[in-house]
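Trainee: Could you take one spot in this model and walk me through it closely, then carry on to whatever surrounds it in your account?

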Amino acid sequence: GLLKHTDALVRLAAVVADRYGLDRELLCLGAFLHDIGKTVEFTIEPAPDLSPSGGLLGHIVLGCQMVQEMKAAIPDFPEADALALLHLLVSHHGQKELGSPEPPKTPEAMALHCLDLLDSRLEIFRAVAAPPSDPQPRPRFAEYNPYLGVRVYLSAPPCEPET
């Protein structure tokens, strides 16, 4: 899921940057790295779970630490570029109530936030609307989804034949 999401965001970021005249390199790099902290936020063995640092710090803080470590390994990396990139990571959830230490304050940060939200919400729609494994008829609307804040419209049930 993480790789698929990251790939989708990088591809979308390139299109959006070109369409709106944004810094393409910055936005694509931000899309690539925005969730990098998730690679250490979770453990797989013995069972999927939060790592201690993941549970205490979260993927945004961990990702910023990782980017700062990468920056330190590159001599003379421009501070302004590092700051712009770090802002994309800290603001990609959009608002403090959703986990961002800061809201988006640059066009690239707003674009990344919107693309991240778009991809995650559409994936939820896709999962909720996926055809059921059993052949039973399903209702017109799914149960209420707290992430979307709605009952997703699945489709009209088949018409009953008239008798």
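Trainee: Where does Asp-76 lie?

Mentor: Asp-76 sits in the loop between α4 (52–72) and α5; helices (H or I, at least four residues) and strands (E, at least two) are DSSP runs, numbered from the N terminus. Before going on: this is a predicted model, where local features need pLDDT of at least 70 and side-chain atom pairs count only at pLDDT 80 or more, while totals for chains, interfaces and linings use all residues. Residues are numbered from 1 along each chain as its sequence is written, and side-chain values use heavy atoms, leaving out hydrogens and water.

Back to Asp-76: its phi is near 60°, a positive value in a residue other than glycine. Most residues other than glycine have a negative phi, and most peptide bonds are trans.

Now follow α5 (residues 79–91). It packs with α6 (residues 107–129) at an angle of about 35°, the axes 9 Å apart; axes are lines fitted to C-alpha atoms over the stretch in contact, with angles from 0 to 180 degrees between N-to-C directions. His-87, Leu-88 and Ser-91 in α5 meet Glu-108, Ala-109, Leu-112 and His-113 in α6, contact meaning heavy atoms within 4.5 Å. Those residues divide into three nonpolar, three polar and one charged (Ala, Val, Leu, Ile, Met, Phe, Trp, Tyr, Cys and Pro count as nonpolar, Asp, Glu, Lys and Arg as charged, and the others, Gly among them, as polar).

Glu-123 lies in α6 and Lys-4 in α1 (residues 2–20), so the pair ties together parts 119 residues apart in sequence. The structure holds seven salt bridges.

Note on methods: A salt bridge is a side-chain nitrogen of Lys or Arg within 4 Å of a carboxyl oxygen of Asp or Glu.
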